[in-house]
Amino acid sequence: MSNALDVTDETFAAEVLGSDKTILVDFWAEWCGPCRAVSPILDQIAAEHSDKITVVKLNVDDNPQTAAKYQITSIPAMKVYRGGEVVKTVIGAKPKGALESDLAEFLA
Amino acid sequence: MRQVIIIGSGPAGYTAAIYAARASLSPLLIASSVEAGGELMKTTEVENFPGFPDGIMGPQLMMNMQAQAEKFGTEVVLDDVVSVDLTGDVKTVTLGNGDVHEALTVIYATGSAYRKLGLDDETRLSGYGVSWCATCDGFFFRQKTVAVVGGGDSAMEEATFLTKFADKVYVIHRSDRLRASKIMQDRAQANPKIEFLFNKTVDRIYGDELVSGVSLRDTVDGTETTLDLSGLFIAIGNDPRVHLVHGQLDLTDEGTIAVEARSSRTSLPGVFAAGDVLDVTYRQAVTAAASGTVAALDVEHYLASLPTHLLQTASA
């Protein structure tokens with residue numbers, strides 16, 4: 001099980017958009033095999049860079065409004081938010097090294 | 001050092017591992033970090049794997065195979081192979097985390113990767129309406145219009161699955177004859193939400209942030225039409241994953257790893273191949289599993305032929 005905080009349609013504004021930190025939202029679902037594969041990799045990245053980035057998870061089944069608002073059409077979708085804005089989107093499960101280089105500007 | 005390293009975790013890799021482990025070869029299986037379990041992880045119900053009269057979910061089948069391989073002593077590593085050196089008596093396999101593993105033999109069972117259409121906007125819109133996995137992404141196309149490109153079993157399965165969500169599913173196929181098995185064709189053709197567009201190829205994909213449509217060219221009379229869509233699912237086949245062995249192993253004209261007759265023996269001694277990486281024709285879970293068996297038996301035979309001093313360097 002992931003240690004990442006679950007965010008919902010109700011908490012998204014406060015936990016993500018209103019945060020003064022850099023937040024990576026992992027849009028996922030139970031039925032998504034690649035989501036299960038990438039989840040532990042995101043946990044590792046979060047643990048290794050906890051001072052730089054916070055990883056939270058949004059279940060698209062349970063929270064359709066937020067998924068629709070951000071036009072999610074493929075999961076896992078990982079969106080990085082800063083100051084309420086999406087500053088980076090990564091789509092699809094990738095090996096750790098590839099994810100780290102996609103997210104390099106936020107981890108340095 | 002190992003006696004055998006298996007690269008790949010589809011039916012070929014895991015079946016090779018089950019056989020090799022039962023032969024006390026303590027195999028190391030490199031499963032990949034995010035594609036562990038292979039193609040079947042992206043499918044739903046598998047109805048043609050013998051022994052499961054009520055069908056089995058693809059991901060469950062793969063978890064069962066992994067459990068069976070581990071039960072007999074296979075070590076499974078969830079990482080990606082970044083390079084291999086297959087020449088010489090001792091083979092080396094380097095992983096994404098930097099670990100280097102050595103073995104007397106390697107079974108190469110990396111399967112195949114989705115083929116792309118090769119259109120300009122395909123990569124840009126990938127994940128924004130262009131998809132290779134209906135079971136992953138179909139959910140997001142509730143009450144939308146989508147299309148599947150292709151005429152094989154995968155295309156029929158994707159189209160049928162997508163009707164759970166989408167209002168309308170077009171199947172775009174370049175000829176007027178489907179390659180899919182009759183049962184899959186019949187199922188798709190009986191579905192009122194599915195409409196077949198035969199003799200059509202996709203020329204362009206439209207969309208700024210998300211896919212909005214495609215232009216189609218008729219392969220018979222050359223006329224062009226546009227189709228408004230929210231999603232385009234591509235199922236036009238697969239290409240063997242051989243990029244790590246280019247220049248080391250002989251390949252066939254079809255791009256598969258060349259093997260000797262019905263064996264798994266590649267052009268290098270001690271290197272064996274199994275599954276879709278050597279088969280573009282059958283590509284079934286069962287044929288891949290059988291191919292994994294062949295590779296494991298070939299490994300046993302090869303190891304038995306090695307001089308004792310080499311064998312002693314491999315830990316059990």
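**Figure 1. Overall dimensions of chain B in the predicted model.**
Chain B contains 7 helices and 19 strands. Along the principal axes, its C-alpha atoms occupy a box of roughly 70 × 40 × 35 Å. Buried residues make up 46% of the 316 residues of chain B. Among contacts in chain B with a separation of 6 or more, 62% are between residues 24 or more positions apart.

**Figure 2. The two domains of chain B.**
Domain 1 of chain B comprises 2–114 + 238–313, and domain 2 covers 130–234. Taken over C-alpha atoms, the centres of domain 1 and domain 2 of chain B are separated by 33 Å. Contacts between the two involve 4 residues of domain 1 of chain B and 6 residues of domain 2 of chain B. On the domain 1 side of chain B, the residues that touch domain 2 are 1 nonpolar, 2 polar and 1 charged.

**Figure 3. Contacts between chain B and chain A.**
On chain B, 19 residues are in contact with 19 residues of chain A. The chain B side of these contacts divides into 9 nonpolar, 6 polar and 4 charged residues.

**Figure 4. Hairpin of strands S6 and S7 in chain B.**
Strand S6 (residues 81–85) and strand S7 (residues 91–95) of chain B run antiparallel and are joined by 4 bridges. Within this pairing, B:Ser83 stands opposite B:Thr94 of S7(B). B:Val84 has B:Val93 as its bridge partner in S7(B). The hairpin has 5 residues between S6(B) and S7(B), and B:Gly88 in the turn has a positive phi of about 85°.

**Figure 5. Hairpin of strands S7 and S8 in chain B.**
S7(B) also pairs with strand S8 (residues 100–108) of chain B, in the antiparallel sense and over 4 bridges. Here B:Thr92 has B:Glu102 in S8(B) as its bridge partner. This hairpin has 4 residues between the strands, and B:Gly98 takes a positive phi near 95°.

**Figure 6. Surroundings of B:Leu104.**
B:Leu104 lies in strand S8 of chain B. The residue counts as buried because B:Leu104 has 22 C-beta neighbours inside 10 Å, the cut-off being 20 or more. Leaving aside neighbours within four places in sequence, the contacts of B:Leu104 include B:Gln3, B:Asp89 and B:Val90. B:Leu104 is also in contact with B:Gly270, B:Leu303, B:Leu306, B:Leu310 and B:Ala314. B:Met184 is 80 residues from B:Leu104 in sequence, and the two C-alpha atoms are 43 Å apart in space.

**Figure 7. Three-stranded open sheet of chain B.**
The 3 strands of this open sheet follow the order S14-S15-S16 (chain B), with antiparallel pairing. Strand S14 (200–206) and strand S16 (224–228) of chain B are the edge strands, each pairing on one side only. On average, neighbouring strands of the sheet are turned by 30° against each other, direction ignored. Strand S15 (residues 213–218) of chain B pairs with S16(B) over 5 bridges in the antiparallel sense. In S16(B), B:Thr226 is the residue opposite B:Ser215.

**Figure 8. Five-stranded open sheet of chain A.**
Chain A has an open sheet of 5 strands in the order S1-S3-S2-S4-S5, with mixed pairing. Its edge strands are strand S1 (5–7) and strand S5 (85–91) of chain A, which each pair on one side only. From one strand to the next, the twist averages 30°. Strand S2 (residues 23–28) and strand S4 (residues 77–82) of chain A run antiparallel, with 5 bridges joining them. A:Leu24 stands opposite A:Val80, a residue of S4(A).

Technical notes
Residues are numbered from 1 along each chain as its sequence is written. Chains are lettered from A and ligands numbered from 1 in the order in which they are written. This is a predicted model: local features need pLDDT of at least 70, side-chain atom pairs count only at pLDDT 80 or more; totals for chains, interfaces and linings use all residues. Two strands pair if DSSP finds at least two bridges between them. Helices (H or I, at least four residues) and strands (E, at least two) are DSSP runs, numbered from the N terminus. Two residues are in contact if their C-beta atoms, placed from the backbone, lie within 7 Å. Ala, Val, Leu, Ile, Met, Phe, Trp, Tyr, Cys and Pro count as nonpolar, Asp, Glu, Lys and Arg as charged, and the others, Gly among them, as polar. Domain bounds come from an automatic or database domain assignment. A residue is buried if 20 or more other C-beta atoms lie within 10 Å of its own, exposed if 12 or fewer, and partly exposed in between; C-beta atoms are placed from the backbone. Axes are lines fitted to C-alpha atoms, for helices over the stretch in contact, and angles run from 0 to 180 degrees between N-to-C directions.
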